[in-house]
Amino acid sequence: MALTLYVDTARWRAHHKHVQEQFPGLVPVCKGNGYGFGHERLAEEATRLGSDILAVGTTYEAARIKDFFGGDLLVLTPYRRGEEPVPLPDRVIRSVSSVDGVYGLVGARVVIEVMSSMKRHGISAQDLPQLHAAIENVRLEGFAIHLPLDRTDGSDAVEEVIGWMDHLRAARLPLHTMFVSHLKADELHRLQQQFPQTRFRARIGTRLWLGDHEATEYRGAVLDVTRVAKGDRFGYRQQKAASDGFLVVVAGGTSHGVGLEAPKALHGVMPRAKGVARAGLATVNRNLSPFVWGGKQRWFAEPPHMQVSILFVPSDAPEPKVGEELVAHLRHTTTQFDRIVDR
């Protein structure tokens, strides 16, 4: 009995090919928990796509993935002097976001990140002249720009990249390769047309692996079902059942990521109102679970346990049976499955 990730493999891979066709020179990204699939599986899929390079989050991830992927590995987290050294093969490319960082990577293969409107990290336009001397002692693989997902000020992503191309050209720095993130296919095409001597390579993770929501589904197996009457006490905290119904024990708990949710940016009145309502219900121990039964998301009977969750299903709903599975709406990047099934 497990929390299972089911994958419609043919459909999932067809989506990968579609994205690859839209973004020539695509750089697949495999970081964190491997977008819910795991590093080994995504390394295998990147190989299947014929990718010559795979982007990872950290040097520690590169050390793990190097045995599963034979091409180049691009570490996205910028190098910092004093970081813990991790033994890595020469096919690993380090990102760097400062002139000092370039000087600290003598002999290494590097991609230099420039500061975008994300304002997360990157070298400034004012520091570009200092790069001439610094890049003499490294193997420069190109420059990179990480763009924001939303542009609430109405600005144009392409224009931002063009601005940086102009800065780099004015500084007489090599423009053979530019790695980009969060561009649309038509935007990438516009850039490639305007700068035919530069190879633009889109680093893509979420859109590649999770872009087709119908290709994957989490399901938790029902382990036990206990009928309760209104007022019956149950669980660790011996709460009272609010009405007649069933306590349903389902595979999937905090160790799987159930009940753990990354904060979301809310836009508009309705999403904000729903957020306030959910917070209000949580103060009286009413928390909606990600598990669906009888066409509805069901409430947690109590906070999820380490490996299972206990749900309350009211008596007017069908009684779940042991061995049946409940669909679970879970975020891939925060979920750890027990098993993955291709179908």
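## Two paired strands

Strand 6 (residues 109-114) and strand 7 (residues 139-146) run parallel and are joined by six bridges. Strands here are DSSP runs of E with at least two residues; helices are runs of H or I with at least four residues, and both are numbered from the N terminus. Two strands count as paired if DSSP finds at least two bridges between them. Glu113 sits opposite Ala144 in strand 7.

This is a predicted model, in which local features need pLDDT of at least 70 and side-chain atom pairs count only at pLDDT 80 or more, while totals for chains, interfaces and linings use all residues. Residues are numbered from 1 along each chain as its sequence is written, and side-chain values use heavy atoms, with hydrogens and water left out.

Contact means heavy atoms within 4.5 Å.

## The annotated domain

For residues 8-153, UniProt lists "domain: Alanine racemase N-terminal" in an unreviewed entry. UniProt positions follow the numbering used here, feature names are shortened, and annotations may be inferred rather than shown by experiment. Over residues 8-153 the chain is 27% helix and 20% strand. The end C-alpha atoms of this stretch are 39 Å apart.

How many cavities of 30 Å³ or more does a search of the whole structure find? It finds one. The largest cavity has a volume of about 40 Å³. A cavity is a set of points, on a 1 Å grid over the protein atoms alone, where a 1.4 Å probe fits but cannot get out; lining residues have an atom within 4 Å of a point. Grid points are joined across faces, edges and corners, and the volume is the space filled by probe spheres set on the points.

Among the lining residues are Glu113, Met115, His121 and His146. By class, the lining has two nonpolar, three polar and three charged residues. Ala, Val, Leu, Ile, Met, Phe, Trp, Tyr, Cys and Pro count as nonpolar, Asp, Glu, Lys and Arg as charged, and the others, Gly among them, as polar.

His121 lies in the loop between strand 6 and helix 5 (131-134). Leaving aside neighbours within four places in sequence, His121 contacts Pro78, Arg80, Ser97, Glu113, Val114 and Met115. Ser97 is 24 residues from His121 along the chain, yet their C-alpha atoms are separated by 6.3 Å.

Strand 14 (residues 288-293) and strand 15 (residues 296-300) run antiparallel, joined by three bridges. Trp293 stands opposite Lys296. Their hairpin has two residues between the strands, and Gly294 there takes a positive phi near 65°.

Two bridges join strand 15 to strand 16 (residues 308-314), again antiparallel. Leu311 in strand 16 is the bridge partner of Phe300.

How values were computed. On a 1 Å grid over the protein atoms alone, a cavity is a set of points where a 1.4 Å probe fits but cannot get out, and a pocket is an open set with protein on both sides within 12 Å along at least five of seven lines; lining residues have an atom within 4 Å of a point.
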